[in-house]
Amino acid sequence: MSVAPTRVVGTPADRLEGRDKVQGEATYAYEYEVEHVAYATPVVSTIAKGRIRSIDSSAALAADGVIAVLTWENAPKLPKAEGELAILQSPQVSYRGQIVGAVVAESYEAARHAELLVRFEYDVEEHDVELRADHPTLYKPGKVNPEFPTDTEEGDVERALEEAAHAIDETYTTPTEHNNAMEPHATIAIWDGPSLTLYDSNQGAHAHRETFAKTFDMPPEQVRVIARHVGGGFGSKGTPRPHAVLAALAARHVERPVKLAVTRQQMFTLTGYRTPTIQRLRLGCDERGMLTAIAHDVVEQTSTVDEFAEQTAVVTRMLYASPNRRTTHRLARLDVPTPSWMRAPGECPGMYALESAMDELAIAAGIDPIELRIRNDPEIDPESGNRFSTRNLVACLREGADRFGWKPGSRRNGRTLAGLGVAASTYPARRRPSQAHARRNGDGTFTMRVGAVDIGTGARTVLAQIAADELAVELDRIHIEIGDSAFGSAPVAGGSAGASSWGTAVVRACRLLRAGDEDEVHVDTSDSADAEEPLAKHGFGAIFVEAHVDVDTAEVRVARALGVFGVGRILNPKTARSQLIGGMTMGIGMALMEETRVDGRLGAFVDQDLAMYHVPVNADVLDVDATWIDEDDPHINPMGAKGIGEIGIVGTAAAVANAVHDATGVRVRDLPITPDKLVGRI
Amino acid sequence: MEPFTYRRASSTEDALATHGSATRGAKFLGGGTNLVDLMRLGVETPSELVDVSRLECSIDAGEDGGLRIGAGVRNSELAADRRVRSRYPALAQALLAGASGQLRNLATTGGNLLQRTRCPYFQDVTKPCNKREPGSGCPAREGEHRNLAIVGHSEHCVATHPSDMAVALAAFDAVVHTSRRAIPLVDFHRLPEDEPWRDTVLEPDELIVAVEVPPLAVAARSTYRKVRERASFAFALVSVAAAYDGNDIRIAFGGLAHKPWRAFAAEEAIRSGASFRDAAEAELEQAKPLRDNAYKVELAARTLVRALEELS
Amino acid sequence: MAELQPIALTVNGEHHSLVVDTRTSLLDLLREHLGLTGSKKGCDHGQCGACTVLLDGRRANACLALAVAHDGADVVTVEGLDHPLQDAFVERDAFQCGYCTPGQLCSAVGMLDEAERWDERLDADYVRDRMSGNICRCGAYPNIVAAIEDVA
Ligand SMILES: Cc1cc2nc3c(=O)[nH]c(=O)nc-3n(C[C@H](O)[C@H](O)[C@H](O)COP(=O)(O)OP(=O)(O)OC[C@H]3O[C@@H](n4cnc5c(N)ncnc54)[C@H](O)[C@@H]3O)c2cc1C
Ligand code: SF4
Ligand code: FES
Ligand code: FES
């Protein structure tokens with residue numbers, strides 16, 4: 001494959017749906033007008049483990065406007081439903097906040113009122129929701145997400161550590177984190193005879209269609225999923241969530257269309273979260289700073305309902321060279337909701353630990369942290385032995401050091417201490433099979449149909465830009481339709497592979513259209529997606545942070561942050577910068593404030609709204625910027641692009657933590673770095 | 001949310017007229033930013049709302065040169081008032097450090113004083129909580145209490161009062177005028193003792209009419225410092241309202257107790273010549289931190305010292 | 001039994017008289033009864049700002065405002081805005097998913113008016129603090145601030 005010259009790709013085009021969004025005309029899932037619609041609201045469990053002994057729905061049913069109450073006793077059966085989606089199928093309760101019922105009513109107010117009137121009696125069993133490094137249920141999963149070996153071992157780590165000139169052995173922890181997209185998950189379910197239509201807030205119409213078809217035991221052709229505008233997902237809308245199944249069940253039960261939006265509070269247990277992690281990092285190097293040992297041992301959690309094994313240490317297998325290497329993952333099965341995908345699963349928590357440890361090693365060895373990373377930059381992927389398609393970590397570090405003014409060392413300004421931190425960032429570059437449809441409209445315009453979903457990435461815009469170049473027309477000649485499972489199958493907006501996968505199909509469709517006389521073509525890239533050279537394909541980046549720490553109150557602020565990335569061809573610099581900055585902002589949140597606390601006795605999350613779970617607000621984000629180096633990677637897709645959705649978050653938390661250490665000399669190894677952990681120590 | 005009737009009161013008398021006859025109780029409605037929030041959570045379940053937000057909406061000069069702030073004055077208007085900005089800067093700063101611009105446009109002075117704790121257990125009706133459900137227990141004591149009280153708590157409740165405005169008012173000797181009486185602000189909020197469900201000394205059918213801030217020369221040299229987990233739009237871990245002109249002194253803490261914590265001991269120490277740090281310690285001597293919130297003792301001391309240094 | 005009450009209000013210049021459940025928030029009134037779904041529900045508890053509208057000229061969280069308590073009010077939602085800030089948002093890419101955007105826009109318009117009315121200096125720090133009631137999980141903050149500065 002070669003990278004074609006471009007005209008429209010690479011220009012900072014405004015988002016195509018921008019006007020709709022600023023005029024309030026972009027329609028999100030819950031907002032479709034549907035006649036005779038009923039309102040449903042989930043009823044969730046108030047214990048973490050046990051069985052429902054009895055249910056009293058009478059008060060709820062007697063309440064004004066209530067149409068039905070669904071529980072496991074009367075809900076339609078779903079023999080094919082699996083894991084967390086098998087809701088209302090048994091009296092078993094496996095986590096607190098699990099769906100155990102639904103109220104369907106004529107109005108939203110009536111549904112929410114009756115939700116509190118359904119009475120459950122439980123046979124309560126003892127629960128355990130707290131992750132500990134020595135948890136008795138720790139086990140070795142068969143693989144980690146999506147298909148990686150659980151453990152790896154090469155050479156003799158223990159010995160290398162003993163013989164190392166400099167070594168560190170530290171444990172880093174990250175708390176439970178919640179995606180908290182701004183649009184709460186929502187579904188409108190409409191049955192028409194045997195067919196089901198869902199307006200749903202998700203990251204992949206086809207993936208959702210497949211799972212729904214399976215859950216309701218019906219052919220996929222009878223399910224249509226529409227997701228034209230989605231208010232963010234960050235992984236939490238990548239796989240169908242139980243509330244969407246509930247909406248469809250309720251709609252079938254009351255024989256009316258049903259709309260359901262998860263409340264912000266319910267999102268904490270129903271829509272996924274990032275597992276807490278306990279990570280032991282051991283690094284050793286020789287006098288020159290060459291790594292001689294890397295060991296990364298991870299303890300994290302899954303639920304009793306399903307196995308979710310975050311690939312936290314996988315990134316450590318490829319980032320730096322060392323003759324002696326070891327990674328392990330162990331899971332505790334707890335009475336919790338199943339952890340799920342959150343922006344850069346694996347890489348994000350893993351790199352926080354690895355890049356904090358690298359900083360500690362640099363200090364131990366008396367080597368500049370950028371230099372330490374440059375010295376250990378491998379020629380080939382240390383794990384697979386494959387060449388990298390492109391790897392520009394060193395260039396990003398150098399360029400960033402230059403632009404940022406890399407001069408670490410604590411500086412005092414009045415009652416503020418300032419320090420700098422750096423960390424590497426990386427994320428796999430992937431492509432998945434996708435279909436696309438192109439039509440010549442005869443009036444000089446073209447219509448592209450792709451089953452893509454734009455969750456805010458700018459997918460709609462870049463796909464149109466790609467088509468404009470391939471068809472050699474201006475951007476305004478392209479009509480693009482996305483977000484509908486009625487279009488050809490397409491992969492989810494996830495794994496930073498959206499534009500790569502859909503864009504490849506768009507390129508093919510456009511080329512086919514231009515080459516022939518047909519006015520309409522349909523392509524499928526599944527034939528070519530697998531036949532790739534054995535290359536290690538990843539994006540790389542370097543994050544630089546200047547942290548300011550108040551010596552009295554221990555409040556930390558990120559005064560400046562810069563990300564420099566090597567992520568292939570940038571398809572649209574305007575939307576790309578937004579995504580990279582957005583990822584970095586979430587990384588600042590991870591470093592400084594994001595945490596869902598757990599109450600072990602109650603088996604519950606303590607924080608369950610946006611006043612308790614802090615995400616960054618405008619005032620937290622001062623000078624945050626992203627830029628990139630020139631890079632074309634012809635090995636992933638014909639656009640020469642790598643993904644950009646996730647790499648922004650990956651190294652940011654470590655860069656912040658390293659900057660806080662540089663400023664204060666205090667190393668906080670359990671995120672987030674809140675004032676309680678620093679006060680009195682500076 | 002339980003069904004309720006709604007009535008807009010035309011006067012204080014009208015507001016009090018039917019108040020109390022409702023089956024699940026009646027509540028006065030200000031901006032609704034706390035009450036509606038808690039009703040939607042099922043924490044508050046009044047069957048009657050009497051809207052008092054349009055009564056008493058002015059800020060007037062008090063007889064003795066202070067300010068009389070009507071209960072219906074919105075937080076944003078109060079913060080913007082020129083007299084408040086120049087004569088009681090810590091009050092303006094405290095208001096602006098609270099909530100968000102759009103919430104402050106709704107929130108009223110009366111409602112702000114009566115906002116309820118942000119203890120996470122209190123806000124979740126599926127969890128026990130003595131304040132919400134007397135006798136059900138206090139899970140925060142053994143559970144999550146990192147942001148809860150270090151002084152004045154009881155075995156029944158360790159919650160903190162969340163208002164920023166009230167901290168500044170406590171420092172400035174403000175007085176709450178109700179439909180029945182005048183109550184000094186420092187006596188208005190209660191400690192939990194064995195009745196944690198009672199936040200204040202106000203009776204259910206007692207209406208806040210105004211808050212009076214007396215003339216106070218030292219208040220012109222005052223500051224409000226709020227320490228929080230993000231740069232804006234977060235409740236205080238610890239806050240300090242301090243007024244100091246080298247002579248007169250006023251100090252109150254937020255985030256430490258079930259009420260705005262007027263630091264009489266620290267004020268006394270400074271008057272008798274103690275260092276700022278010693279004064280802070282004199283006040284915080286009585287702290288009884290819980291397992292995870294001892295950091296607040298040091299944080300409060302440092303924040304106070306810092307505020308006083310800035311005023312010196 | 002639900003309590004119903006008649007109210008009348010003006011939304012984006014249009015007069016509406018209707019009977020509502022006393023429990024209905026101004027936000028749900030707009031979204032579920034008037035078909036004005038531009039205002040968003042991100043939390044329903046005042047914590048995100050997605051529901052921000054101009055209520056009698058001031059920015060306010062429509063989720064915590066009971067519709068009955070605003071009988072007679074004049075409401076402007078994003079659908080009724082016609083402000084250069086909207087173009088600036090597109091130009092500066094001041095959003096990604098767009099879900100917080102209607103609230104950001106109404107909030108910013110309200111804030112610009114407040115700064116003028118209260119005679120306050122509108123620098124970047126001011127904008128950041130006063131716009132902190134509008135959470136953007138996509139992290140568009142620097143672009144939001146730039147867009148506001150463009151029109152301020
Ligand atoms: C997300 C969020 C963040 C916040 N952050 C902060 C913060 O950082 N700092 C802070 O200080 N506050 C904060 N607040 C709280 C906010 O300041 C209060 O909700 C507000 O001040 C309450 O005023 P209101 O008029 O809306 O009260 P309402 O909600 O209307 O009423 C509150 C209580 O007061 C009673 N009441 C109201 N008026 C009277 C009266 N005249 N007489 C007798 N009783 C009356 C009501 O019956 C009710 O019990 C926050 C709120 C939210 C939602
Ligand atoms: S601290 Fe008070 S409010 Fe919190 S759980 Fe205990 S009793 Fe309830
Ligand atoms: S929906 Fe109103 S503030 Fe979040
Ligand atoms: S644009 Fe997505 S939340 Fe702001």
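Author: Buried area is the accessible area (1.4 Å probe) that two parts lose on being put together, summed over both. Between domain 1 of chain C and domain 2 of chain C this area is about 1300 Å², and carbon and sulfur atoms give 52% of it. In domain 1 of chain C, Lys40(C), Arg59(C) and Val78(C) lose the most area to domain 2 of chain C, together 43% of what that side buries. The model is predicted: local features need pLDDT of at least 70, side-chain atom pairs count only at pLDDT 80 or more, and totals for chains, interfaces and linings use all residues. Side-chain values use heavy atoms, without hydrogens and water; residues are numbered from 1 along each chain as its sequence is written, and chains are lettered from A and ligands numbered from 1 in the order in which they are written.

Reader: What are the bounds of domain 1 and domain 2 of chain C?

Author: Domain bounds come from an automatic or database domain assignment. Here the assignment gives 4-79 for domain 1 and 82-151 for domain 2. Their C-alpha centres lie 21 Å apart.

Reader: How many salt bridges are counted between domain 1 of chain C and domain 2 of chain C?

Author: A salt bridge is a side-chain nitrogen of Lys or Arg within 4 Å of a carboxyl oxygen of Asp or Glu. The count between these two domains is one. Arg59(C) forms a salt bridge with Glu114(C), with 2.9 Å between the closest N and O atoms.
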